[in-house]
Amino acid sequence: MHKPLIGLTPSHDSETDDITMRPTYLNAVKEAGGIPVVLPLEIEKEDLQRLVDLLDGFLFTGGPDVHPSRFGEETHIHCGNVSTKRDCLELMLLPMVMEQKKPILAICRGIQLINIGLGGTIYQDIPSQFPKDFPIAHKQPFYYTTPSHTVAITPETKMADICQQPSIQVNSMHHQAVKELAPHCIVSGVGPDGLIEAIEMPNYPFLIGVQWHPEYLWKHNFAAANLFSQFIKACRP
């Protein structure tokens, strides 16, 4: 059986114009049985379509903030750096992939990008737009291989089948998050402060977005490892 080819969206430094890819994503995909393929940042639509035709699944990775104009807002004072080139690539890629019903896994920025691309919105800055009496450390003070908080998994969802437990431990490194959920998606994981941490699309073969970073946890965390395993399984040609 051939290993599936997985397209990964690259990270982009808008100041230097460099593109990068964390090895944690590559290693997680390889360990789960896929072959990672880093996508180009700038590409013609017809060339991107050829890659979509060729590849078996797509991982929308973490990275900088999505430009607020993409979801109809002005720039908040605490919005972070953006990459308009990356926004363009991923928002062009998403409908191409979905038209062919190919599996999608979205991580951190990825879940936000997917939600925006499907018609939802995000908080531009959690601390100022989602205040709580006990603020959860969504930017954790320790390294990402150590979990930071819990996520309650919604029963009878694909995430529930993957995690096989009602609550999981996750890491956290973000200051933005899903606000208004996109149409046709459901919430499949919620943080202890009520923030949306996982979404999925029930009528799609495999479309899951998580706000945490399972690529740092899979070596010692069943839910993280099984998330990648089930994603790759769904991608097998």
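The lining of the largest pocket in this predicted model comprises six nonpolar, 13 polar and four charged residues; Ala, Val, Leu, Ile, Met, Phe, Trp, Tyr, Cys and Pro count as nonpolar, Asp, Glu, Lys and Arg as charged, and the others, Gly among them, as polar. A pocket is an open set of points on a 1 Å grid over the protein atoms alone, where a 1.4 Å probe fits, with protein on both sides within 12 Å along at least five of seven lines, and lining residues have an atom within 4 Å of a point. Of the 23 lining residues, Arg22, Gly62, Gly63, Pro64 and Met173 lie nearest the centre of the largest pocket. Its volume, the space filled by probe spheres set on the points, is about 400 Å³.

The second largest pocket has a volume of about 160 Å³. Its lining includes Phe130, Lys132, His174, His175 and Asp193, and divides into six nonpolar, three polar and three charged residues.

Nine strands (DSSP runs of E, at least two residues) form an open sheet of mixed pairing in the order β4-β1-β5-β6-β13-β12-β11-β8-β9; pairing requires at least two DSSP bridges between two strands. β4 (35–38) and β9 (167–170) each have a single partner strand, so one side of each lacks a neighbour in the sheet. Strands β1 (residues 5–8) and β5 (residues 57–60) pair in the parallel sense over three bridges, with Ile6 bridged to Gly57.

Residues are numbered from 1 along each chain as its sequence is written. Local features need pLDDT of at least 70 and side-chain atom pairs pLDDT 80 or more, whereas totals for chains, interfaces and linings use all residues; side-chain values use heavy atoms, without hydrogens and water.

Conventions: Helices (H or I, at least four residues) and strands (E, at least two) are DSSP runs, numbered from the N terminus.
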